[in-house]
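Subject: Structure handover

Hello,

Here is the structure for you to look through. My notes follow below it.

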Amino acid sequence: MKASVLEGAGHKLRLLEVPEPLPSPNDVIIELKAAALNHRDVWIQKGLYPGLNLAVTLGSDGCGVVKACGSQVSEEWLNKAVIINPSIEWGIDENVHDANFKILGLPEDGTFAECVRVPSSNIYPKPKHLTFEQAAALPLAGLTAYRALFSRAKLKPGEKILITGIGGGAALMAMQFALAAKANVYVTSSSNEKLQKAAQFGVKAGFLYTDSKWQEKVMKEVEGFDVIVDSAGGENFDKLISLANPSGRIVTFGATAGTVKEINIRKLFWKQLSILGTTMGSANDFENMLKFVKKHKIVPIIDSNFLLQEAEFAMRKMERGEQFGKIVLKITN
């Protein structure tokens, strides 16, 4: 089969012929119709993610048809259209993953290939209202956003929520989920074009965080937020503490802008704020996310489509941060 393989940190992805995987007793083999990129893939390629020891097929997001089942898996799954939960071996504690937790695409081969092997416990029927490409865009970003909003921040209807860095997959899924939950949604970006696109979906307002006075403008227009979702960290994180309402919740799942070097600890305790870390999600989170998506007929926003052999071009677009929505690889018809 064909796969887009990363042969080492700093290498370009290469389309290679590789052996088709065989199922272990509790696994299935999925013939992939589509896959999607995440910033995680770029970080792995740059060598900024631990665990890259050998050549690996990247990709955490995918959707396709079950081609083969392991000996302990019901053959009722054969030829069924499925979506993959990339959060593997979370464990039994809903509060935190255990030591065996891993994400599809490293250390084990992922979805930038014609076929992928995954545990049968990590597949679910594809939502009927989604195409294969739309469904492939959902898993990692959808799971991350759902857990951040509902399992961690306990977002309620009518609350004011700020989502930073709109345009990326997880931020957009958080926007769509929060709007569906009838929250009042605000966003930030470094791009006026992205803010204008977000406004078309119904956000209340958007702010350019590259403006030196963006914090003051937010305070004047909104006063404060009950929930803040951030995946950037960096020097702007301390400003989020000022923007949070008393008893507000700040959820973080990334550090694309770097380490947070300073926090106003006095505001943190005086306002009785909660800073909540989150990574991916449990099987229950994934199941609940799918129910939410089906109930509200949510369709992930797709920026662009590439072919499997164009995966390296797609990675460079992801690295430049130009996208508004998910970047998808179409693999088989």
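**Thr278 and its surroundings**

Thr278 touches Arg147, Ala148, Arg152, Val251, Thr252 and Phe253, not counting residues up to four places away in sequence. Contact here means heavy atoms within 4.5 Å. Thr278 sits in the loop between β16 and α9. Helices (H or I, at least four residues) and strands (E, at least two) are DSSP runs, numbered from the N terminus. Thr278 counts as buried, at 7% relative accessibility. Buried means under 20% relative accessible area, exposed over 50%, and partly exposed in between (1.4 Å probe, protein chains only). The side chains of Thr278 and Arg147 are joined by a polar contact of 3.5 Å. A polar contact is a pair of N or O atoms within 3.5 Å; within protein, one must be able to donate a hydrogen and the other to accept it, and residues adjacent in sequence count only if both atoms are side-chain atoms.

**How to read the values**

This is a predicted model: local features need pLDDT of at least 70, side-chain atom pairs count only at pLDDT 80 or more, and totals for chains, interfaces and linings use all residues. Residues are numbered from 1 along each chain as its sequence is written, and side-chain values use heavy atoms, with hydrogens and water left out.

**Helix α9**

α9 covers residues 283-296. At 1.5 Å a residue, its 14 residues should span 20 Å, and the end C-alpha atoms are 20 Å apart, which agrees. The expected span is 1.5 Å times one less than the number of residues.

Which residues of α9 are buried? They are Asp285, Phe286, Met289, Leu290, Phe292 and Val293. Seen down the axis of α9, these fall within an arc of 160 degrees, so they line one face of the helix. The arc is that of the directions from the helix axis to the C-beta atoms. The face turned away from the buried side carries the exposed residues Lys291 and Lys295.

The buried residues of α9 pack against β6 (81-84), β10 (123-125), α3 (139-152) and α4 (169-180). At the N-terminal end, Ser282 caps α9: a side-chain oxygen lies 3.3 Å from the backbone nitrogen of Asn284. Lys297 follows α9, with a positive phi near 50 degrees.

**The parallel sheet**

6 strands form an open sheet, in the order β13-β12-β11-β14-β15-β16, and the pairing is parallel. β13 and β16 (274-277) stand at the edges with a single partner strand each, so one side of each has no neighbour in the sheet. Two strands pair if DSSP finds at least two bridges between them. Neighbouring strands of this sheet are turned by 20 degrees against each other on average, direction ignored.

β11 (residues 160-163) and β14 (residues 225-230) run parallel and are joined by 3 bridges. Ile161 has Val227 in β14 as its bridge partner. α5 packs on the sheet, touching β12 and β13; its direction makes about 165 degrees with that of β12. Axes are lines fitted to C-alpha atoms, for helices over the stretch in contact, and angles run from 0 to 180 degrees between N-to-C directions. Helix α6 (residues 214-221) lies across β12, β13 and β14, running at about 160 degrees to β13.

**Helix α5**

The buried residues of α5 (residues 192-199) are Lys194, Leu195 and Ala198. Down the axis of α5, they fall within an arc of 100 degrees, so they line one face of the helix. They pack against α4, β12 (184-189) and β13 (205-208). Ser191 caps the N-terminal end of α5, with a side-chain oxygen 3.3 Å from the backbone nitrogen of Glu193.

**The antiparallel sheet**

3 strands form an open sheet in the order β2-β1-β4, with antiparallel pairing. β2 (14-17) and β4 (56-57) stand at the edges, each with a single partner strand, so one side of each is left without a neighbour in the sheet. β1 (residues 2-6) is joined to β4 by 2 bridges. Leu6 stands opposite Val56 in β4.

**Two buried loop residues**

Asn38 is in the loop between β3 (27-36) and α1 (39-45). Asn38 is buried, at a relative accessible area of 7%. A polar contact of 2.7 Å joins its side chain to that of Lys326.

Gly59 is in the loop between β4 and β5 (61-69). Gly59 is buried, at 0% relative accessibility. Gly59 and Gly105 are 46 residues apart in sequence, yet 4.8 Å apart in space, C-alpha to C-alpha.

Best wishes
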